[in-house]
Every structure is written in structure tokens, then in C-alpha cells.
Amino acid sequence: MIRAALLSLALLGGWTGSAAAVTCTTTIPCKEIWFFNNSTETVHPILFVGRRGVDEWLQAYSQKQPAERGTAVWATTRDSRVYINGKTGIAPKDNTHPGYAKVRLPLFTALLPLNDVLSGARPDSVVDWWNGGRVEIFDDATTIGDQYAIDVALKPPEGVLNPAELKKISGNAVVECVEGDCAGLTMIQRSGGDFDNSAPYQLTEFTFGSALTGPDFATTPFGWKPNDVGYNLSMVDSTYLPAAMEPLNNPEIPYIGSVMAPADFRLKIQQWLKDHNGYPIYKTSTLARPKIPQSFDVFAGTFFQFFDTYNASNNFNFDPNGTAGKNAGKPVLDMINLYLKCKDASSADPATTCGKIYNLEHNLFGPNLVKYRTYPCAVFEDPVLSGTNKPFPDTVAWRLWTLYGWVPYNFTFGVDRSSGTPKGISCGDKNSTPPFTGNALFDTVATKEAYQQLADSYRLNTSKTQGVQYNYLTETDQTQWFNPYVQLLHSAKYLNLGVYAFSIDDAVGFQSHEGDGLIYAVGGTNGLQNTHELDPNAILNVNFGQATNGTTYTWQASRYVCKDGINHDKTFTNFPSYDFFPLNSGGYPCRLGAQLSNGIFYWFDITQGPDSPGSTKIDCSQVTDLTVKDWCSRVIVIGLAQSPLHLDHIIGPSVAKK
């Protein structure tokens, strides 16, 4: 079997949070994706995983030693795509369609005989379905039908992956339909990339399991957490369709995203486009079904950054309403003019929009550019293919690109053609002169605190700090808004979404919890195991201390009960820590405890939740056992004061062995 021969790590017991247990067909770990279409139109979920040079997930799962990491890489040179139900998609529920699909994703699928897979040295020997994937939700049957026809016509080694042939490999597992509208499931391999961002889909992202890497594992195999599920509804580049996401079989975790019907979602977008007449949509979309680019993407696609000139072949329609006339693109021009007005406004009050833009440019992005221009890579080839490299320019287009994207200057556009074989001009490494370690933004300023203050002036929306991205809340003049796209996503007047509206937006963002997979719902809550929307200000995290060297007892399980009186049980198979949401369990007070391997149950009461960072209240007054009471008195609460999420960490102390 592949499991026995390739991967010697003993699989930890599967995490189960409800009766809907996931059953794997082989010893290869698996999770499931459940997709519920509660709308009135057919949707087409497409699973995508990209190529990679090194697969840390398989290194961690197989417990490869550090010395093997250079060769046991399981590199892939092709992308993989799964049409969940072929080109048919998932229709709304009716007399002939169930309105949902459930599919099983193994950790990996072997593509070659076992002996060619074992070492990890043979390229394209496996597809890893867990290490960073996408589910792209389409609503356009023509786009899917055309691409499906192209993909199934590809010739080997590209094209359709035949499940029957792959299952001839002993112990192998493939992506397969469990139940519902997925009989037409088709796996594809292809060399040429993913759909363009302008295509009619909404992007979501996920990871299953986690590889624990970094300096702590320099001398030991990477850690492996099979129960993790990471996910986000990604609107940082564009907005098109609503969707809700939550972990499968972890019903304590509320959903993120939107359960709005697609038709209502489009009406909200159309109203926003009227209120911001001249903001673009992609040319490949229509006003009836608009896809809205984030401001960063507008700047990136509208201008030639090296020359501060207009790109007439850009993919944007700057008058989607057909009424803007000479004001087509005016909201974008307003943002540019705001930047030009503020970038050198040294006398501006730091609390104002201009003051924040000035400080960001002069204390972070400007110095980052100056530092970048000391590296050999700070050049670009002009004309293209000429072999002539010119110094990287300081243009408004590049300034907007980096500011709105929150990205450092670390580009490699130079080309060395002197040897006859073109190669990129490197920035160097840590041993170069000057040393290069990425030119990260946080390395540009003197202290971590200084960077945090600048980042908060950009991203926060709290009672104490309002970042410039949220200045639409206080600036009455719409021409002074830094980024109207943030209003589209976050304002209750429009989409009211707690998702990324820009790259370091933490309104809700990426989620990581235990689970057996993911649940998607479009157009309603049917199929969700928790029908509450996640409130980021209501998150609590509990972490029970224990040493890794065996000097303390280990925590085995935990239980909490809140005002609704329902017990919530957690079994610790990895780390004794979890997030929970008391407001979804009736609210406070809550009683929380954990069983230790010394046979004692330790517990405490929570009388108040995190209405501000660090404000959670622990109460030990009802504890009578002196040992437990002493332990309870040492429970601490740490709030993340620099985060817009009032995530309070409750830390229960470790208990030393006697």
C-alpha cells in the first residue's frame, strides 16, 4: 500500500465533530468539500491546485528528515483542475436535482507507479490536493463549456486523469463524487495556468492539513497537523458572486462570507456603481453581471508602471452605466489626485487622510524604494529583448501600485543576455553586498512598533484608530476617499462583507480551524452546520500549557458550556488549543474546563467576553477544590491590542509532573 510503503508516519485519529463523519476509501487521509446551491441559477464550482517546486505538506506527512528535503520535494510542473460536475455544474434544487454536491479530496493522488513516487525526486509523480487550492465559483455556462472542451481534448501527459487507471496503483486515491450532482466529476492536468482574474468567477482559497516548518524543525522532520482547515473568500482582487464558507463537522464555527442570493448581490453592486459612476468593471463582464476590480488591480492594469503612461489595451470598462460620459473613470482619477495632493503634504495633521498618506509614503514606501534601488535587481529591460537594462524609475504608477497593494519593492525585471542564454538579474542573498533578504516593508523601519503604527494607520477600523482605507466613514467629500472599493465590501449599505478588501485587511480574512473539510453555500444557509455569521469581535481562544519535553502532564480533552446549556466537547489530538464563539451558544456566562492526564479536571468560569482587547473576565469563585482553584487563579487573558479582531487568548497554565 502507498501509505505503508511511502509514508511511515502513523496517522493520528481522525477529528470528528458531528455524526456526518468522513470516511476515506484508502489509508491516504481525505477530507470532503460540500457545495450547496441555494440560488435560482446554476453554478459551476471548479477546483484548482497549482504547480509547485517543493511540497512541504508531503515532506511533513511522510516525516522526511532534514537531509532529505533537497531531493524529496515532489515537484510538479503541471496545474490540476477538477470540474465538480463536468460542464453541467450544480443546478438549483428541483424534482430532478438535489441542489448540492459532495466530493472527497485525498491528501494526494499518485500518478506513477509506487516505486517512482516513494523518493519524492521524480517530478509530476503526484497531485497534492491539500497544499493550497482554490474553488472558483462560476455562473457562466458558456465560459465553462468552452474551457471544458479545450481541457478534455489535451493530449497526455496533459488532459483527463482517468480514475480507473489511477486506482490500479495499489492503495491510491482520487478526487471522487460522494453524493449529489457530481456524477460528471472530471480531473484535468494542464501546463497552462489558471483562469484570468477577469473571468466570471468568485475566488475562494483553502488548505487542508498543515505542515509545521521553520527554524524549530531544522533538525527534525516537519510537524504535521492533519485536522486543520484553512480558508477564505478572496475578494482582495475582485468581487463577483456571494458565497458562505465554514469548516465541515465543526459546527461551533460560524460561516464567513455572504448567504445573499446572487441576484440581490448584483443589485447591491449595481447600486454602488451608480453611486460611483465611472468606476470600472472588467470588459469581460456586463452591468447585468458585473465583476468589480479592486483599486490596486485597476492601477496595475491601467498604466505602464515604468513610464507613467496609459495602457489603452487595458481590460476595464470605465463607463459601465453608460452615463458617465467625460467623467468615465473619475473615481480612479479622484484617487490619483488625492495621492498627488497628499504625498508631499508634510504639514498635514497625521490624523487626517493626507497626513496618513504622507507618513506612509515618506516613512515606509519611499524608504523601501530607496533601499531597493541599492540592489543590482533594481533595473528593467528596455526595450524588451534588447539586452539593455535601465535603472528602476520612481513613477507615480509604481507608487500607487505598491501603496494600494501594500507590497515592497523587490522586483526582478532586469535580464542579462550577455551569455547568450537570458537570465534574470538577481537581487542577491544574505551574503551579498549589500545583503538582500527580501526588502520586506517591516525591515524598512527601525522597530516593529513603528511598522505596526504605520500598518494600523492604513488598515484599522476601530474606535481608537481609523486607517486610511476606511476614510469613507468620515470624509464627507467622496473625491477624498482613499479606496471606494472598501466601502463596496464592508458597508452595510452595500455588500456588508467581512472579507479581505485589501491585502492586509483583517475584517475577518483567513480562517483556520479543525474540520473534516469545507462547506460552501451559495444563496442561502441550507447545508451549513452553523447558520450564524462569524463576528470577529466575539472570538475567544483557549490554550492549555504543556511542555514538549515530558516534564508536564498533557491535556486530553476539553468541554465548555455557555448560556444555552449545551455541552461542547473537544478532544486534543494535536495541540490543546481552540477557538470558540460564546455568542453563538447563548452568550455569557460560560464554564470551560479540561481533563489532564493526572486525572484531574481543571475549570473556570467566563463572565464577560472581549468587547475590547483583553477584557475577558475569568471567575474562580465557584471553584472549591484547592488544587483546581490555585490553577484557576493563574489563568491569564492576553488581548491583541494591535488587531482589529478582539481576539482574546485565555491561557491555562501547565501542570508539572510530581
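A salt bridge is a side-chain nitrogen of Lys or Arg within 4 Å of a carboxyl oxygen of Asp or Glu. The legends below describe close-up views of a predicted model.

**Figure 1. A salt bridge joins Asp 139 and Arg 289.** The closest N and O atoms of the two side chains are 2.7 Å apart. Asp 139 belongs to the loop between β7 (133-138) and α4 (141-152), while Arg 289 belongs to the loop between β16 (281-282) and β17 (292-293), so the pair ties together parts that are 150 residues apart in sequence. Asp 139 counts as buried, at 10% relative accessibility, whereas Arg 289 counts as partly exposed, at 33%.

Figure 2. Side chains of opposite charge can pair when their charged atoms come close. Glu 68 is partly exposed, with a relative accessible area of 31%, and Lys 64 is buried, with a value of 13%.

Figure 3. Phe 442 and Tyr 451 form an edge-to-face pair, with 6.2 Å from centre to centre and 80° between the planes. Phe 442 counts as exposed at 51% relative accessibility, whereas Tyr 451 is buried at 17%. The ring centres of Trp 555 and Trp 631 are 5.7 Å apart and their planes stand at 50°; the pair is therefore tilted. This pair links distant parts of the chain, as Trp 555 lies in strand β28 (residues 555-561) and Trp 631 in helix α13 (residues 626-633), 76 residues apart. Trp 555 and Trp 631 are both buried. Ring pairs also link a cluster, and its members include Phe 299, Phe 365, Tyr 404, Phe 442 and Tyr 451.

**Figure 4. Charged side chains sit over the rings of Phe 222 and Trp 34.** The charged end of Arg 69 is 3.7 Å from the centre of the Phe 222 ring. Lys 102 lies over the face of Trp 34, at 3.8 Å from the ring centre.

**Figure 5. Helix α8 (residues 330-342) packs with helix α10 (residues 396-405).** The axes of α8 and α10 are 11 Å apart, and the angle is about 100°. The two helices are therefore roughly perpendicular to each other. From α8, the contact is made by Met 335, Ile 336, Tyr 339 and Leu 340; from α10, by Val 396, Arg 399, Leu 400, Leu 403 and Tyr 404.

**Figure 6. The axis of helix α8 also crosses those of helix α9 (residues 353-372) and helix α7 (residues 295-302).** The axes of α8 and α9 come within 9 Å and cross at roughly 75°. That makes α8 roughly perpendicular to α9. Leu 338, Tyr 339, Lys 341 and Cys 342 of α8 meet Thr 353, Cys 354, Ile 357, Tyr 358 and Glu 361 of α9. The axes of α7 and α8 come within 11 Å, with a crossing angle of roughly 90°. Accordingly, α7 and α8 are roughly perpendicular to each other. In this contact, Ser 295, Val 298 and Phe 299 of α7 meet Val 332, Met 335 and Ile 336 of α8.

Figure 7. Pro 157 is found in the loop between α4 and β8 (159-161). Pro 589 is found in the loop between β30 (577-580) and β31 (590-596).

**Figure 8. Trp 74 and Asp 308 have positive phi values.** Phi of Trp 74, a residue other than glycine, is near 50°. Trp 74 lies in the loop between α2 (56-61) and β3 (79-87) and counts as buried at 1% relative accessibility. Phi of Asp 308 is near 55°. Asp 308 lies in the loop between β18 (303-304) and β19 (309-310) and counts as partly exposed at 38%.

Key: Residues numbered from 1 in each chain as written. Predicted model: local features only at pLDDT ≥ 70, side-chain atom pairs only at ≥ 80, totals over all residues. Heavy atoms only, no water. Buried < 20%, exposed > 50% of the residue type's maximum accessible area, 1.4 Å probe, protein only. Helix = DSSP H or I, 4+ residues; strand = E, 2+ residues; numbered from the N terminus. Phe/Tyr/Trp six-rings, centres within 6.5 Å; stacked < 30°, edge-to-face > 60°. Lys NZ or Arg CZ within 6 Å of the ring centre and 35° of its normal. Axes fitted to C-alpha atoms, helices over the stretch in contact; angles between N-to-C directions. Parallel < 35°, antiparallel > 145°, perpendicular 65-115°, else oblique. Contact = heavy atoms within 4.5 Å.
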